[in-house]
Amino acid sequence: MISINYRDARPIYTQVKDGLRKLILTGALAPGTKLPSVRELAAELAINPNTIQRAYRELEAEGAIVSIAGKGSFAAEQPQADAAALQSAIEGFRQAAEQLAAAGMQISAMHALLDEWTQEKE
């Protein structure tokens, strides 16, 4: 399901959050699928339950999961990105690419950088 990389600079809760988000967005966790309980996932990953709780809390705030008291947490029916935030991020990405090009970076080097980032996220 999710793996933790202790050499990764990102905090563990962020790795858990990113892993679950990826599973939800790719459809590996279908909408309405019950997620493991905090204690179950903590035991499976051999990490502190508070770490899982933080990841779940942030995913719920993002709308990627829904928590129901006494029943558990479930993949959201339609996780939606905030359109304004998405547009802002795209614009920031474009500006960064323009700055890199202005600094002399070749397009092929930018592609390699993006490929490297993608592999780190997987």
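Leaving aside neighbours within four places in sequence, Leu41 touches Met1, Ile2, Val16, Leu20, Pro36, Ile52 and Tyr56, where contact means heavy atoms within 4.5 Å. The model is a predicted one, so to speak of local features a pLDDT of at least 70 is needed, side-chain atom pairs count only at pLDDT 80 or more, and totals for chains, interfaces and linings use all residues. Residues are numbered from 1 along each chain as its sequence is written, and side-chain values use heavy atoms, with hydrogens and water left out.

Leu41 also turns up in the largest nonpolar core, which has 20 residues. A core of this kind is a set of buried Ala, Val, Leu, Ile, Met, Phe, Trp, Tyr and Cys residues joined through side-chain atoms within 4.5 Å. Buried here means under 20% relative accessible area, exposed means over 50%, and partly exposed is in between (1.4 Å probe, protein chains only). The members that touch the most other members are Val16, Leu20, Leu35, Leu41, Leu45, Ile52 and Tyr56. Two or more residues each come from α1 (12–25), α2 and α3; helices are DSSP runs (H or I, at least four residues) and strands likewise (E, at least two), numbered from the N terminus. As a general matter, nonpolar side chains in soluble globular proteins tend to be buried together.

Now to the helix pairs. Helix α2 (residues 38–45) packs against helix α3 (residues 49–62) at an angle of about 120°, and their axes are 8 Å apart. The axes are lines fitted to C-alpha atoms, for helices over the stretch in contact, with angles running from 0 to 180 degrees between N-to-C directions. The pair α2 and α3 is therefore oblique, given that angles under 35 degrees count as roughly parallel, over 145 as roughly antiparallel, 65 to 115 as roughly perpendicular and the rest as oblique. The crossing of α2 and α3 is right-handed; that is the label if the near helix is turned clockwise from the far one by less than a right angle, and left-handed is the label if anticlockwise. On the α2 side the contact is made by Val38, Leu41, Ala42 and Leu45, and on the α3 side by Pro49, Ile52, Gln53 and Tyr56. Sorted by class, the contact of α2 with α3 has seven nonpolar residues, one polar and no charged ones. For this sorting, Ala, Val, Leu, Ile, Met, Phe, Trp, Tyr, Cys and Pro count as nonpolar, Asp, Glu, Lys and Arg as charged, and the others, Gly among them, as polar.

Helix α3 also packs with α1, at an angle of about 50° and with the axes 8 Å apart. That makes α1 oblique to α3, and α1 passes α3 in a right-handed crossing. From α1 the contact takes in Ile12, Tyr13, Val16, Lys17, Leu20 and Arg21, while α3 brings Thr51, Ile52, Arg54, Ala55, Tyr56, Glu58, Leu59 and Glu62. The class tally for α1 with α3 is eight nonpolar, one polar and five charged residues.

A couple of other α1 residues deserve a line. Gln15 is found in helix α1 and counts as buried, at 6% relative accessibility. Beyond its neighbours within four places in sequence, Gln15 is in contact with Ile2, Ser3, Ile4, Asn5, Asp8 and Arg10. Asp18, also found in helix α1, counts as buried at 14% relative accessibility. With neighbours within four places in sequence set aside, Asp18 is in contact with Arg10 and Lys121. Asp18 and Tyr6 are twelve residues apart in sequence and 15 Å apart in space, C-alpha to C-alpha.

Back in α3, Arg54 counts as partly exposed at 35% relative accessibility. Arg54 and Arg10 sit 44 residues apart in sequence and 14 Å apart in space, C-alpha to C-alpha. Pro11, from the segment before α1, is partly exposed too, with a relative accessible area of 41%. Pro11 and Thr51 are 40 residues apart in sequence and 9.4 Å apart in space, C-alpha to C-alpha.

The loop between α2 and α3 holds Ala46, which has a positive phi of about 55° although it is not a glycine. At 64% relative accessibility, Ala46 counts as exposed.
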